[in-house]
Amino acid sequence: MLTINIDKNTEKDLQLAVEEAAKLIAEEKREVIDFSSNVDVSADPGYVSSRKVNAIGPLELRVVWKGTFHKILDHYLGLGAVVSQFKTPRCVGPTNNKVLQILCDNVAKNYFSTAF
């Protein structure tokens, strides 16, 4: 399971989203950087039922333009961060409006899971 906040996504959801994105990436001769961690392939009936009744939305994968993460670095440097100590955030919370805006403004393509 991939757990994001309280939303649990199956490996199938993740795989479908990645396969769709891979088509665009291959067409544009781009590369994928894998930040994945171990995935438990066990099913979660709560997630499945929530998805089937549209209580939660599908897994979304967003492909961002080259240079997006450099813009995030520039943002943090502008706040006084030191470049040698900077680590790209792995999770951006809902209160981090500026970084979320940078990410949203630089979406090249997005894909949604069609598992349900």
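A residue is taken as buried when its relative accessible area is under 20%. By this criterion, 21% of the 116 residues of the protein chain count as buried in the predicted model described here.

The protein chain comprises four helices and four strands. Along the sequence these elements are arranged in the pattern β-β-α-α-β-α-α-β. Among contacts with a separation of 6 or more in the protein chain, 75% involve residues 24 or more positions apart.

The mean pLDDT of the protein chain is 77, and 74% of the residues score at least 70. Helix α3, formed by residues 68-78, has the highest confidence, at 94, whereas strand β1, formed by residues 2-4, has the lowest, at a mean of 56. Over residues 34-43 the pLDDT stays under 50, and the model has eight contacts beyond four places in sequence for this segment. Where pLDDT is low, the predicted coordinates should not be read in detail.

The pairing of helices α3 and α4 was examined next. The axes of α3 and helix α4, the latter spanning residues 97-105, come within 9 Å and cross at roughly 160 degrees. Angles over 145 degrees count as roughly antiparallel, and α3 is therefore roughly antiparallel to α4. The crossing of α3 past α4 is right-handed. On the α3 side, the contact is made by Thr68, Phe69, Lys71, Ile72, His75 and Tyr76. The α4 side contributes Lys98, Val99, Ile102 and Leu103.

His75 is found in helix α3 and counts as buried because its relative accessibility is 17%. Apart from neighbours within four places in sequence, His75 is in contact with Lys98, Val99 and Ile102. Leu100 lies in helix α4 and, at 28% relative accessibility, counts as partly exposed. When neighbours within four places in sequence are left aside, the contacts of Leu100 are with Val92, Gly93 and Pro94. The C-alpha atom of Leu100 is separated by 9.4 Å from that of Ile72, a residue 28 positions away along the chain.

Between Lys12 and Thr114, which are 102 residues apart along the chain, the C-alpha separation is 9.7 Å.

Technical notes
Residues numbered from 1 in each chain as written. Predicted model: local features only at pLDDT ≥ 70, side-chain atom pairs only at ≥ 80, totals over all residues. Heavy atoms only, no water. Helix = DSSP H or I, 4+ residues; strand = E, 2+ residues; numbered from the N terminus. Buried < 20%, exposed > 50% of the residue type's maximum accessible area, 1.4 Å probe, protein only. Contact = heavy atoms within 4.5 Å. pLDDT = per-residue confidence, 0-100. Axes fitted to C-alpha atoms, helices over the stretch in contact; angles between N-to-C directions. Parallel < 35°, antiparallel > 145°, perpendicular 65-115°, else oblique. Left-handed = near helix turned anticlockwise from the far one by under 90°.
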